[in-house]
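Please work through the following exercises with the sequence and the structure side by side.

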Amino acid sequence: MPQARSTLEEPPRAGRVAEQRYWDPAVETLPRPELEALQLSALRDHLDHAYQGSRWYRRAFDAAGVAPGEIRSLADIVRLPFLDKALLRDRQLAAPLLGDLAAVDEREVVYVSASSGSTGVPTLSPFTASDFDAFQDVQAAQGLDPARDLALSRIIVAGEPGGSIPATRAAIEALWDADLYDFYGISDIFGASAGMCEEKDGLHLAEDHHLLEVLDPATGAPVADGQPGEMVLTTLQKRARPMVRFRTGDVVTRDDSPCHCGRTHARIRVHGRTDDMFIVNGVNVFPSDVEVVVRSLEDVSGEYRITLFREQHLTRFDLEVERRAGSTIRDAALADGVRAAFKNRLGLGPRGVVIHAEGILPRSVHKAKRVVDRREG
Ligand SMILES: [Zn+2]
């Protein structure tokens, strides 16, 4: 005798949309050896496409004495020359409209994005129809569906380190009563290249679309595992303009340890721009490090400004913070607390600490500029 149907079938729950954990489970959870094999095969095809389609790549690879077919392992990537923002701008001016790094005919380009120009003139990034599909695919690597998620149950941020700083993220989440996810993108490659998963511990890079190198910005040599270095990205599938060894100017650490979410793609933690880094007592300091310390203190608002200066040929810095409205701690005690928190986290501290009332320091609405450099030369 048949049982009642309701014991066999889960009734639909009104108002609840089924959560899809992965966008592409096969790719996102691929075991590392298979992921790396996929990257190598894509890289070899991609370099061949760049060499055949782009005048600049043909000249650059010839000048480096490397034919695409000679790249037989991912490690061989170091034989190829770097690209940077200045070169993209130069080649765009030398061969309008899209520059001679483009590897397809302009008629195949269906979409062009322009960079935000944080370091100068905007550069154009062309996409073919298949690139544009890949762009959507990479954005989905964050598991975010704008139609479902932009109702402020979830907030998606990018372009600033704050979304990956737990105290900053918690403050924004509390303000909006929403879940916050950070992502990383550069318009010269994809608007979104890496995104935060539900574990909120680093951003998974879409490694089926990018090959990641983490290099010492001064020497170009790989840094030791887990150490911060400049992120250098090579696209693996972008047809319109392949990007080989693009120096992003962003300093990251790479984490290959397994993530609880099950994705196998490496996670990055973004520390800041190579330009914003300064060295105090031999320690590399990024504004994001300062933000972590400032946001961990209860009696300050979280806004800050750093002024760099030289003292006997060494870099020092002063720090301005704001006393949170309602805090009653004395200025001297607050300044001592700030110094102690710095010492604790970075092993060094600001020379001077200036305490303002809340609301005095400038708020920025786009790319925050919180470092004033008064060093000469
Ligand atoms: Zn994860």
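**Exercise 1.** Determine whether Gly 302 is buried, partly exposed or exposed in this predicted model, and describe its surroundings.

*Solution.* Step one is the count: 19 other C-beta atoms lie within 10 Å of Gly 302. Step three places the residue, which belongs to strand E13. Step four lists its contacts: leaving aside residues up to four places away in sequence, Gly 302 touches Ala 171, Val 294 and Arg 295. Finally, Gly 302 and Glu 358 are separated by 56 residues in sequence, while their C-alpha atoms are 9.5 Å apart in space.

**Exercise 2.** Work out which strands stand at the edges of the open sheet of 4 strands, and which helices pack against its strands.

*Solution.* Begin with the strand order, which is E15-E14-E13-E16, with mixed pairing. Strand E15 (353-357) and strand E16 (371-373) each have a single partner strand, so each is an edge strand with one side left without a neighbour in the sheet. From one strand to the next, the twist averages 20 degrees. Next, consider the pairing of E14 (residues 314-323) with E15, which is parallel and extends over 5 bridges; here Glu 320 stands opposite Val 354 of E15. As for the helices, H8 (residues 287-295) packs on the sheet by touching E13 (300-311), E14 and E16, and its direction makes about 135 degrees with that of E13. Helix H9 (residues 331-346), in turn, lies across E14 and E15 and runs at about 125 degrees to E15.

**Exercise 3.** Classify Asn 281 as buried or exposed, and locate it in the chain.

*Solution.* The residue is found in the loop that joins strand E11 (278-280) to strand E12 (283-285). Asn 281 has 11 other C-beta atoms within 10 Å, and because the limit for an exposed residue is 12 or fewer, Asn 281 is exposed. Leu 348 is 67 residues away from Asn 281 in sequence, yet the two C-alpha atoms are 7.7 Å apart.

**Exercise 4.** Identify the residues that touch the most other members of the largest nonpolar core.

*Solution.* This core has 51 residues, of which Tyr 57, Val 138, Phe 183, Ala 194, Leu 203 and Ile 268 touch the most other members. Strand E4 (residues 179-186) gives the most to the core, with 5 residues. A second, separate core has 13 residues, including Ile 165, Tyr 304, Val 338 and Phe 342.

How values were computed. Residues are numbered from 1 along each chain as its sequence is written. This is a predicted model: local features need pLDDT of at least 70, side-chain atom pairs count only at pLDDT 80 or more; totals for chains, interfaces and linings use all residues. Two strands pair if DSSP finds at least two bridges between them. Helices (H or I, at least four residues) and strands (E, at least two) are DSSP runs, numbered from the N terminus. Axes are lines fitted to C-alpha atoms, for helices over the stretch in contact, and angles run from 0 to 180 degrees between N-to-C directions. Two residues are in contact if their C-beta atoms, placed from the backbone, lie within 7 Å. A residue is buried if 20 or more other C-beta atoms lie within 10 Å of its own, exposed if 12 or fewer, and partly exposed in between; C-beta atoms are placed from the backbone. A nonpolar core is a set of buried Ala, Val, Leu, Ile, Met, Phe, Trp, Tyr and Cys residues joined through C-beta atoms within 7 Å.
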